[in-house]
Amino acid sequence: MKNKDINILAIETSCDETSMAVVRNGHEVIAMTVLTQMDTHADFGGVVPEIASRMHTENITMVLEDTLTKANMSLNDMDAIAVTYAPGLLGSLLVGIECAKMLSLVSEKPLIAVNHTMGHIFANAIEYDMTYPLLGLIVSGGHTDLVLMRSPYDISVLGKTKDDAIGEVYDKVARVLGLKYPGGPNVDRLAKEGEHTYSLPKPMNDDSFDFSFSGLKSAVINLVHNEEQRGNEIRRADLAASFQTVAVDELLRKVEYAFQKTGVKNMILAGGVSANRYLREKMADLAEKYQVTFHVPSFRYCTDNAAMIGAAAYPLYLKKKFSSFDLNAESSFDIEKYLAFMKNFDHEKTDD
Ligand code: KG4
Ligand code: ZN
């Protein structure tokens with residue numbers, strides 16, 4: 001007999017996207033709505049937390065109605081309500097959490113707290129079967145983590161950034177190049193028009209799996225300031241291309257080292273920076289060289305969205321890892337602590 005379908009209504013409001021989705025069995029996106037505030041924040045050069053939470057509050061009911069209408073479903077058709085609780089902007093997270101609690105209360109469906117970073121990882125489960133063990137490279141505005149996953153619950157961190165996250169550096173470089181927020185996609189676009197002609201320092205020449213990008217960031221900032229002081233024109237496209245090549249090469253170098261050390265034959269990319277075309281292409285080439293199966297989400301699932309939260313909630317649903325109404329928002333999180341907590345679930349019976 002076919003198992004009963006599990007429909008999860010997922011909510012994501014951790015930054016500047018108000019998003020909801022209905023996700024069936026952890027991978028089938030029945031409906032998704034993403035309302036981005038990007039244009040509003042672009043005028044300020046970055047996300048303004050107070051404006052973000054106010055806009056989430058104004059829009060969340062509309063996003064809910066839109067999602068359920070598109071899915072042609074009601075709250076009663078849901079098996080659980082999932083919501084991002086960390087990491088992110090506190091005020092923004094709280095709008096989603098309060099909405100999720102209210103929906104859970106009125107529908108009497110369990111509440112599932114989902115970590116945003118896990119959401120980025122499970123964005124891959126929407127379009128592909130995640131085959132374990134796998135290596136995951138999480139590259140976002142807050143993270144640069146290389147993880148080894150043995151199951152959805154058994155994840156170890158091989159390496160992480162010692163300073164800035166790669167997305168943060170993309171955004172900073174965009175700013176010194178005079179590009180608008182959000183910086184990453186704009187640096188990506190400009191880099192395509194240039195060549196790697198500027199000499200920049202290699203981020204971290206060691207044999208660990210860790211990353212460091214602050215030296216590269218400072219080098220780009222100093223180069224721009226020095227050239228400006230000398231009255232020299234900056235070849236912006238070339239500088240964007242030089243930065244992107246050095247930064248991405250460093251990611252590739254560590255992933256190659258992990259391919260060699262672990263012998264793992266499956267690899268996924270996750271997080272906002274995985275939308276980067278140069279990174280996607282280069283990673284695919286590297287995976288091919290090592291005969292590793294490589295997946296990266298479609299663009300719409302790379303950046304913040306609720307479908308990935310619904311996908312990440314599914315393994316928690318199967319283990320009945322439900323939250324109480326005490327659930328609170330957390331702005332940051334310790335990935336290692338979280339993964340140790342997840343690992344306990346691995347040994348528990350799966351309810352499917
Ligand atoms: O995952 P995400 O949407 O939000 C966080 O959870 O942090 O990632 C946002 C980051 C930003 O730093 C943004 O500039 C970067 O992802 N990003 C990109 C690209 N698209 C988004 N960075 C480089 N190239 C891109 N195409
Ligand atoms: Zn994100």
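# Report on a predicted model with a zinc ion

Q291 sits in the loop between α9 and β10 (293-295). The names of such elements come from DSSP runs: helices are H or I runs of at least four residues, strands are E runs of at least two, and both are numbered from the N terminus. This is a predicted model, in which local features need pLDDT of at least 70, side-chain atom pairs count only at pLDDT 80 or more, and totals for chains, interfaces and linings use all residues; side-chain values use heavy atoms, with hydrogens and water left out. Residues are numbered from 1 along each chain as its sequence is written, while chains are lettered from A and ligands numbered from 1 in the order in which they are written.

## Backbone features

Q291 is not a glycine, yet it has a positive phi of about 50 degrees. Its relative accessibility is 68%, so it counts as exposed. The terms used here are buried (under 20% relative accessible area), exposed (over 50%) and partly exposed (in between), found with a 1.4 Å probe on protein chains only.

E108 is another residue with a positive phi, about 60 degrees, although it is not a glycine. E108 belongs to the loop between α3 (90-107) and β5 (111-115), and with a relative accessible area of 71% it is exposed.

Y132 and P133 are joined by a cis bond with omega of about 0 degrees, and P133 is placed in the loop between α4 and β6 (134-139). From Y181 to P182 the bond is also cis, with omega near -5 degrees; P182 lies in the loop between α5 and α6.

## Helix α6

Helix α6 covers residues 183-191, and seven of its nine residues are buried. Among the buried residues are G183, N186, V187 and L190. The cover over the buried residues of α6 includes α5 (166-176), α8 (236-262) and α9 (277-289).

Which residues coordinate the zinc ion (ligand 2)? They are H116 and H120, each through NE2, and D304 through OD, at 2.1 Å. Donors are N, O and S atoms within 2.8 Å of the metal (3.2 Å for Na, K and Ca), and water is not among the atoms, so sites may look incomplete. Along the chain, the donors of the zinc ion (ligand 2) have the spacing H-x3-H-x183-D. H116, in helix α4 (residues 116-127), and D304, in the loop between α10 (299-302) and α11 (307-318), are 188 residues apart, and the pair links distant parts of the chain. H116 counts as buried because its relative accessibility is 9%; D304, at 15%, counts as buried too.

Why is the arrangement around the zinc ion (ligand 2) irregular? The six donor atoms subtend angles of 53 to 164 degrees, which makes it so. Six donors count as octahedral, and four as square planar, if opposite donors are over 155 degrees apart and all others between 65 and 115; four count as tetrahedral if all angles lie between 85 and 135 degrees; anything else is irregular.

Around ligand 1 there are 18 residues, and H120, G141, D171, G272 and N276 come nearest. A residue is near a molecule or strand if one of its heavy atoms lies within 4 Å of it. The table gives some polar contacts, that is, pairs of N or O atoms within 3.5 Å; within protein, one atom must be able to donate a hydrogen and the other to accept it, and residues adjacent in sequence count only if both atoms are side-chain atoms.

| N or O atom in | Distance to an oxygen atom of ligand 1 |
|---|---|
| H116, side chain | 3.1 Å |
| H120, side chain | 2.8 Å |
| G272, backbone | 2.9 Å |

## Two buried residues

T33 is part of strand β3 (residues 28-36) and, at 9% relative accessibility, counts as buried. The side chains of T33 and T67 make a polar contact at 3.0 Å. A329, in the loop between α11 and α12 (335-346), is buried with a relative accessible area of 10%.

## Cysteines

A disulfide is a covalent bond between the sulfur atoms of two cysteines. With the rule that the two sulfur atoms must be within 2.5 Å, the count is zero. The closest cysteine sulfur to that of C15 is in C302, 16 Å away, which is too far for a bond. For C99 the closest is in C15, at 18 Å, again too far for a bond. C15 is partly exposed, at 22% relative accessible area, whereas C99 is buried, at 10%.

Methods:
Contact = heavy atoms within 4.5 Å.
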